[in-house]
Amino acid sequence: MEIATSRGGLLLLRLFFLVLVVFLYAPIALLTLFAFNDGDVSFPLQGFTTHWFTAVLHNDVLMSALGRSLVVATVSSVLAVALGVLSAFALIRRRFRGKPAASALMFSPLVVPYLVFGISLLLLFTLVDKVMTDAFGVYIGLGLHSVVIGHVVVSLPYTILTIMPLLERLSLSLDEAAKDLGASPWQTFRRVTLPLLMPALVSAFLISFTLSFDEYAIASFLAKTSPTWPVYLFGQLRVPSQLPQLVAVSSVVFIGSLMLVISAEVGRRLVERRYGSEFVSRGL
């Protein structure tokens, strides 16, 4: 009997998992607890209140930062998923020269520190603005558009790694059957490949959205006068009067993210079960 499958090994693994869960989620539980505390973010608790959630709705600067993060995360996630689909198809179903180099280039953001990446993008956009100003008299500047570009670059490897395993499992005979029935390449992709890839696309979108919404290092260099939620949060941590509102928003963001991930996982399992049973029944 292997050590990992023995009674003592299983007990040790369960104990380790329990300690890991407590270590990860105990701070979040305290965060949610303090969101309803009628006082400072400290013990002892001074009573139950929902005042901080109401105060957040009247904090225009905070709500604007949240809105910017939602816009940036949504746009960058959609672009990252679209580029991820194209990149996954190229890496899985196409042969071309320089494929290893292209693959290494696509996955390079995984090993580049975000701080270094943010500084590099800042220098790049500054250089582009200088060239555009000298050549055409056009100045673009920094802002949310530059944050979107940065988040697309760092999210792209995660979308590719999420889409590629499911794409590898899809048989090419499905595309060939669709072509034999008169479907064009676009119709084959839209009506056959895309529905089968939908679980992976949803997962890739959620990963990119979470990564973009919580990203601080790149946004701090590129947002300029339009701070996203993480940048605003870091700046306001030094203001004690704002801390309860920040805690309230953070608890809502966490609960919303948790519900979104659970719903997506349930939907992914339902879709996989549906299409899997259909293909099994048809002998595909």
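Q: Which residues of H6 do Tyr114, Phe117, Leu121 and Phe125 in H5 meet?
A: In this predicted model, local features need pLDDT of at least 70, side-chain atom pairs count only at pLDDT 80 or more, and totals for chains, interfaces and linings use all residues. Residues are numbered from 1 along each chain as its sequence is written, and side-chain values use heavy atoms, with hydrogens and water left out. Helices here are DSSP runs of H or I with at least four residues, numbered from the N terminus, and a contact means heavy atoms within 4.5 Å. On that basis, the four H5 residues meet Ser146, Ile149, Gly150, Val153, Val154 and Tyr158 in H6.

Q: How are H5 and H6 oriented to each other, oblique or roughly parallel?
A: Axes are lines fitted to C-alpha atoms, for helices over the stretch in contact, and angles run from 0 to 180 degrees between N-to-C directions. The axes of H5 and H6 are 11 Å apart, and the two helices pack at an angle of about 135 degrees. Angles under 35 degrees count as roughly parallel, over 145 as roughly antiparallel, 65 to 115 as roughly perpendicular and the rest as oblique, and therefore H5 and H6 are oblique.

Q: Which residues of H5 are buried?
A: Helix H5 covers residues 114-136, and H6 and helix H9 (217-222) are among what covers its buried residues. Buried means under 20% relative accessible area, with a 1.4 Å probe and protein chains only. The H5 residues that count as buried are Phe117, Gly118, Leu121, Phe125 and Asp129.

Q: Is Ser76 buried or exposed?
A: Ser76 is found in helix H3 (residues 60-93), and, leaving aside neighbours within four places in sequence, Ser76 is in contact with Val148, His151, Val152 and Ser212. Because its relative accessibility is 0%, Ser76 counts as buried.

Q: At roughly what angle do the axes of H3 and H6 cross?
A: The axes of H3 and H6 come within 6 Å of each other, and the two helices are oblique. Their axes cross at roughly 40 degrees.

Conventions
Buried < 20%, exposed > 50% of the residue type's maximum accessible area, 1.4 Å probe, protein only. Expected span 1.5 Å × (residues − 1).
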